[in-house]
Amino acid sequence: MNKVVAEHQGYLMQATNATIQFGGLRAVDSVNMNIEAGTIVALIGPNGAGKTTFFNLLTGIYTPTEGEILFEGRSVSGKKTHVIADWGISRTFQNIRLFKEMTVLENVMVGRHVRTKSGFFGATFRTPSFRREEKQIQEDAERWLEFVGLIEYANDLASNLPYGAQRRLEIARALATEPKLICLDEPAAGMNESESADLDDLILRIRDELNITVFLIEHDMKVVMNLAEYIYVLDFGKLIAEGLPAEIQSNPAVIEAYLGQDMEAAIKAKRRALLEARGEIAPETTPKPEAAAKDPVMMDSDGVVMVATEDNKEKNDAA
Amino acid sequence: MTNTKNTSNNTTAAYEDQAVKGKASSAEAIFGNIAKPMFSRGGNKSPLKTALTALLLVFLFALPIYLQGMGEALLLAALVGIGLYVILALGLNIVVGYAGMLDFGRMAFYAVGTYAAIILAIPLANLLGDSLEGLVFPLVMVAAGLIAAFVGWLLSLPVMRLRGDYLAIVTLGFGEIVRITIQNNPFGLTNGLLGLPDRGNVLASPPFFDWLRDNVYWALGNDFFFTMTRNVYWYYMVLIMLIVAIIVVRNQDNSRLGRSWAAMREDEVAASAMGVNVTKAKTWAFVLGAFWGGIAGACFGFFLGGISPEPFSFLNSVIVLAIVVIGGMGSIPGVLVGGVLIMGFPELVRWFAMNHLGQAGGDIQSMVANFRNLFLGLLMVVMMAVRTEGIIPMKPKFHKLFGKGKSDKGDHTDAVVGAAPKGGAGS
Ligand SMILES: Nc1ncnc2c1ncn2[C@@H]1O[C@H](COP(=O)(O)OP(=O)(O)O)[C@@H](O)[C@H]1O
Ligand SMILES: [Mg+2]
């Protein structure tokens, strides 16, 4: 791997004034962001804030209309997505994008693409070096499946996996590219409590055992507060706050924009809708939002109340 | 722990209880039916399959020995036609089945291959002289394959960003452009609508043909004899090229390149995020698919001993596409069955009518051309209604695992929720 490391002040990823405009909408608006290697950084914000769009900028799916994003000192602007993958940024998708008609193992084997090289000639004539590489690809893929706990499913179709397992498979596939930075877009969405706890474990292991920097979009505040060492908050495309988890919890702008909206209820509703859409639970006949709506309280893992202003409670009860 | 927290947990738990139950039952339904046969499979080879393949090969190689009469000679010619279309369809299958792009202009590459072979053969024969005559066809065939592949590359340039309908329209147009160009006699090469007929006398003999015709014949009494006629020779040549095509295409499918096609077909954005160079994968699909058009074209041209633009119609492009779609996109056995069915059935009717129906046979023969399109249309309608994935659908690629996990068919639902096995990652 050729390492072009220009002056980047020790940051793995550095966004300066990053902006993308869709027609009249500045989906990401003058965002400055730094990610230090080896950290777990979260990107939070209400729906439509521009979080996924920022990931798309970072991975070359969109090109910033203004500003710049550097990865290890190199600008990602105008670079093809597969080139950026080669540099060492990998990702998962908010709306799971697995290769559905391929097996679980083959999905991960595709992830090895960027670190392997055999081509048309080796494939056609099945040269010894081709076969050696194929074997290595499969062995590596199996190891990643073991790492995320899906090896049992290796020969199943990806689309046949339960939902939570599909999210883990996306992570395995992303890890197989041997990234330096892994971007996880709402990895806990649609997971139940125990799956979500396992996911926390997995994310920690990715950082601690594999030394991969983690960039995390997540709505589940428990996950965020458990894992993130630094948090960026987007709202309407703009960065409205950044800081340590404790600072974010007490930041008035964040509470106003985001936490005050009764996240728990929002998450529950979202999860319910998701599960209903997948036919895994029956649609609710009589909606009972009161239980959730009366609980606009956010806590960190120690049970410290983050948002409990009467203001917010009233707002939510009224809504 | 505060009280508020507990309440919050309880309500969440209520939702999730339901969720978990729903999940377990759906997982059971899925894994009960699908996972078990999949897990017991592991590799791709079963003894039964090997035996059937061997039997089929013996049958195909022995067939000309039994087809020696006048009518049978025509049947052999029909079989050559079927084989050529199957080779074409195998090439198209790379583009349509593996890479997931539509191509309505397959005849373009077939035409390029046919004309290239015929046009190149005579100067090459003069160059090589009589003693090396046998080399002319193999060289010309490879050249035709490479020229068609080059044309495939040219086509891939403008269509790189197109998808679905747009791609279909552009490839359709391309097929027509090639045919019309040939009709207009560019650089005096193709002789326009008249084509290049009767080159049979001047085309060099393909390898060993003269020798085989002079030396390979035998008779067992009056009823059973064998001679190497022209049709028999081309039957074997096409059969061998077909087998080569199957092996090569299958190898390419079962590779890093093949995986990049499949990933691109399934999800282009995800594929490129995993490092697949989508442009490159598409280009290779077009190039390698077109190559077989050239190979089939060269065989076609030499088999006919001449050529005109008629066989390269849009309808025939559609027929090649129908072979792939009805047989099973991305499935080599599907393409074989589709080819035999779509190309073979009308030929069989024609042959039967001619040999066994006397006077009435003539009329039926003339109906066959139309009947075939009706048959094709009906087949398509039926397939779309009952089996959209084709007669023999593409199978996922199962792998025999190197590591652990292959033998355990235990409780799958637990395995996902449970903790991941420790360590051993990274490479
Ligand atoms: N390709 C696009 N064209 C136009 N608008 C877009 C596009 N992608 C995203 N947006 C808009 O950008 C905003 C941010 O979206 P997104 O990044 O998905 O939000 P989130 O923070 O929920 O991930 C939304 O208003 C969305 O509609
Ligand atoms: Mg999003």
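Buried means under 20% relative accessible area, exposed means over 50%, and partly exposed lies in between, with a 1.4 Å probe and protein chains only. Helices (H or I, at least four residues) and strands (E, at least two) are DSSP runs, numbered from the N terminus. This is a predicted model, where local features need pLDDT of at least 70 and side-chain atom pairs count only at pLDDT 80 or more, while totals for chains, interfaces and linings use all residues. Residues are numbered from 1 along each chain as its sequence is written, chains are lettered from A and ligands numbered from 1 in the order in which they are written, and side-chain values use heavy atoms, without hydrogens and water.

Start with chain A as a whole. Its secondary structure comes to 13 helices and twelve strands. Of its 319 residues, 61% are buried. Contact means heavy atoms within 4.5 Å. Among the contacts in chain A with a separation of 6 or more, 68% join residues 24 or more positions apart.

Now take helix H1 of chain A. It is mostly covered, with seven of its eight residues buried. These are A:Lys51, A:Thr53, A:Phe54, A:Phe55, A:Asn56, A:Leu57 and A:Leu58. After H1(A) comes A:Gly60, with a positive phi near 80°.

A:Thr52 lies in H1(A), residues 51-58, and A:Gln94 in the loop between strand S6 (89-91) and helix H3 (104-111) of chain A, so the pair ties together parts 42 residues apart in sequence. A:Thr52 is partly exposed at 25% relative accessibility. A:Gln94 is partly exposed too, at 23%.

Next, look at A:Thr19 in strand S1 (residues 11-22) of chain A. A:Thr19 is buried, at 0% relative accessibility. A polar atom of its side chain lies 3.0 Å from the backbone oxygen of A:Asn17. Leaving out residues up to four places away in sequence, A:Thr19 touches A:Arg26, A:Val28, A:Asp29, A:Ser30, A:Pro64, A:Thr65 and A:Glu66.

A:Phe130 brings in chain B. This residue sits in helix H5 (residues 128-148) of chain A and is buried at 1% relative accessibility. Beyond its neighbours within four places in sequence, A:Phe130 contacts A:Ser118, A:Gly122, A:Ala123, B:Asn254, B:Ser255 and B:Arg256.

Within chain B, follow two helices. The axes of H9(B) (residues 256-266) and H11(B) (residues 278-304) come within 10 Å and cross at roughly 110°. That makes H9(B) roughly perpendicular to H11(B). Axes are lines fitted to C-alpha atoms, for helices over the stretch in contact, and angles run from 0 to 180 degrees between N-to-C directions. Roughly perpendicular covers 65 to 115 degrees. From H9(B), B:Leu257, B:Ser260, B:Trp261 and B:Met264 meet B:Val278, B:Ala281, B:Lys282, B:Trp284, B:Ala285 and B:Leu288 of H11(B).

Finish with two backbone details. Most residues other than glycine have a negative phi. A:Glu72 has a positive phi near 50°. A:Glu72 lies in the loop between strands S4 (66-71) and S5 (74-75) of chain A, and is buried at 8%. A:Asn211 also has a positive phi, about 65°. A:Asn211 is exposed, at 60% relative accessibility.

Terms used. Angles under 35 degrees count as roughly parallel, over 145 as roughly antiparallel, 65 to 115 as roughly perpendicular and the rest as oblique. A polar contact is a pair of N or O atoms within 3.5 Å; within protein, one must be able to donate a hydrogen and the other to accept it, and residues adjacent in sequence count only if both atoms are side-chain atoms.
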